[in-house]
Amino acid sequence: DVMNMKIVESMAETLRKGGVTMNTDVSHRPYAPGISSNAINRKKNMAKIESQNKLLAHRLRNEVKPVIAAKKHANDYAKAASYRANISVAAKRAVRAAKEEKRKA
């Protein structure tokens with residue numbers, strides 16, 4: 001009956017102290033706010049935007065030379081336009097019409 005005595009004593013002590021309240025110290029860690037699930041992605045995106053803005057600012061100050069030269073770009077565009085004209089349906093129709101005119105003549 002020693003166990004019964006211990007149980008009765010602990011119950012009596014609990015009743016004297018008023019029992020366990022919600023404010024008593026418990027063995028879990030205190031609340032700490034965590035980071036949101038997309039905080040890391042937002043931080044990466046902000047770093048990317050900042051680096052692009054810095055590069056743009058350097059270009060505006062003429063500290064970085066442009067990647068595409070205007071003359072080269074114009075030549076490339078003219079070449080691409082001629083290719084598009086050759087492969088278009090209207091161009092093929094015009095070529096067929098010209099051949100037909102030569103054949104008739």
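The side chains of R103 and E100 meet in a salt bridge, with a nitrogen-to-oxygen distance of 2.5 Å. This pair belongs to a predicted model, and a search of the whole structure finds two salt bridges. R103 and E100 both lie in helix α4, which spans residues 89-104, and are three residues apart, about one turn of the helix. An α-helix has 3.6 residues a turn, so residues three or four places apart point the same way. The two partners fall into separate accessibility classes: R103 counts as exposed because its relative accessibility of 61% is over 50%, whereas E100, at 30%, lies between the limits of 20% and 50% and therefore counts as partly exposed.

The other salt bridge joins the side chains of D76 and K72, at 3.3 Å from nitrogen to oxygen. D76 and K72 are both located in helix α3 (residues 70-87), where four residues, or about one turn of the helix, separate them.

Read from the N terminus, the order of elements is α-α-α-α. The chain has 105 residues, of which 0% count as buried. Its accessible surface amounts to about 10,700 Å², and carbon and sulfur atoms account for 61% of that area.

Helix α2, covering residues 39-60, contains 22 residues and extends 31 Å from its first C-alpha to its last. This span is close to the 32 Å expected at 1.5 Å a residue. After α2 comes N62, which has a positive phi, near 60 degrees. Helix α4 has 16 residues and reaches 23 Å between its first and last C-alpha, close to the expected 22 Å. Helix α4 is also hardly covered, since the count of buried residues among its 16 residues is zero.

The packing of α3 and α4 was then considered. These helices pack at an angle of about 60 degrees, and their axes are 4 Å apart. Because this angle lies between 35 and 65 degrees, α3 is oblique to α4. On the α3 side, the contact is made by A85, N86 and I87; on the α4 side, by V89, A91 and K92.

K92 is found in helix α4. When residues up to four places away in sequence are not counted, K92 still touches N86 and I87, both of which belong to the α3 side of the contact.

Notes: Residues numbered from 1 in each chain as written. Predicted model: local features only at pLDDT ≥ 70, side-chain atom pairs only at ≥ 80, totals over all residues. Heavy atoms only, no water. Salt bridge = Lys/Arg side-chain N within 4 Å of Asp/Glu carboxyl O. Helix = DSSP H or I, 4+ residues; strand = E, 2+ residues; numbered from the N terminus. Buried < 20%, exposed > 50% of the residue type's maximum accessible area, 1.4 Å probe, protein only. Expected span 1.5 Å × (residues − 1). Areas by Shrake-Rupley, 256 points an atom, 1.4 Å probe, with all protein chains shown as cover. Axes fitted to C-alpha atoms, helices over the stretch in contact; angles between N-to-C directions. Parallel < 35°, antiparallel > 145°, perpendicular 65-115°, else oblique. Contact = heavy atoms within 4.5 Å.
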